[in-house]
Amino acid sequence: MTGFRELYTGDLARYGDDGAGFYLRRLLKRFRKAQTCGNRFVRLYYRLLYARLSRKRGIEISWRTTIGKGLYLGHAYNITINPNAVIGENCNIHKGALIGQTNRGDRRGVPTIGNCVWIGINAAIVGRVTVGDDVLIAPNTYVNCDIPSHSVVYGNPCIIVPRENATEHYINHQA
């Protein structure tokens, strides 16, 4: 597993010259410490601090969620991610996004999201779907099917448009 320093500095690097605000720096630090700390008492302490801070903004991202370095939370409010979801490196997740589980049907399970994925405001990704690398998921999109790499996705049901460099100018300062 990747260590705290690599994950945390990778996350902060995504915010560029302006840097992450005080709240986001605290949130990301506590999130990554809760994931990686070796001492179980210190890890419990950071988990409690993270839970308290994330509750204030309505962020439901479990410390157990596998998220690669370079996480960018744009307007970090009301984001919900299932603890079993897997998210790659350099992903942007915006306000109101939902990455959730489906409990019935062929897609029963949780999503796996690749690297360099931009998830817009109020987008929902549900079920056992795979989102490839370099994918832009437009705001208010409902994704319940597999998305190939290098695509732009929008609408409900999701419409997939192949596009090289789909996240160009959307994902900056990659870790």
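At what angle do the axes of helix α1 and helix α2 cross, and within what distance do they come? The points below take this up first, for a model that is predicted.

1. Two packed helices are described by the angle between their axes and the distance between the axes. Here, helix α1 covers residues 4-13 and helix α2 covers residues 22-36; their axes cross at roughly 155° and come within 9 Å. That angle makes α1 roughly antiparallel to α2, because angles over 145 degrees count as such. The crossing of α1 and α2 is right-handed.

2. Which residues make the contact between α1 and α2? From α1 come Phe4, Leu7, Tyr8, Asp11 and Leu12; from α2 come Arg25, Leu28, Lys29, Arg32, Lys33, Gln35 and Thr36. Sorted by class, this contact has five nonpolar, five charged and two polar residues.

3. There are five aromatic pairs in the structure. One of them is stacked: the ring centres of Phe4 and Tyr8 lie 5.3 Å apart, with the planes at 10°. Phe4 and Tyr8 are about one helical turn apart, because four residues separate their positions in helix α1. Phe4 is buried, at 16% relative accessible area, and Tyr8 is buried as well, at 14%.

4. Tyr45 and Tyr46 also form an aromatic pair, and this pair is edge-to-face. The distance is 5.5 Å centre to centre, and the angle between the planes is 75°. Are Tyr45 and Tyr46 buried or partly exposed? Tyr45 counts as partly exposed, with 48% relative accessibility, whereas Tyr46 is buried, with a relative accessible area of 16%.

Terms used: Residues are numbered from 1 along each chain as its sequence is written. This is a predicted model: local features need pLDDT of at least 70, side-chain atom pairs count only at pLDDT 80 or more; totals for chains, interfaces and linings use all residues. Side-chain values use heavy atoms; hydrogens and water are left out. Axes are lines fitted to C-alpha atoms, for helices over the stretch in contact, and angles run from 0 to 180 degrees between N-to-C directions. Helices (H or I, at least four residues) and strands (E, at least two) are DSSP runs, numbered from the N terminus. Angles under 35 degrees count as roughly parallel, over 145 as roughly antiparallel, 65 to 115 as roughly perpendicular and the rest as oblique. A crossing is left-handed if the near helix is turned anticlockwise from the far one by less than a right angle, and right-handed if clockwise. Contact means heavy atoms within 4.5 Å. Ala, Val, Leu, Ile, Met, Phe, Trp, Tyr, Cys and Pro count as nonpolar, Asp, Glu, Lys and Arg as charged, and the others, Gly among them, as polar. Rings of Phe, Tyr and Trp (its six-membered ring) pair if their centres lie within 6.5 Å; planes under 30 degrees apart count as stacked, over 60 as edge-to-face and the rest as tilted. Buried means under 20% relative accessible area, exposed over 50%, partly exposed in between (1.4 Å probe, protein chains only).
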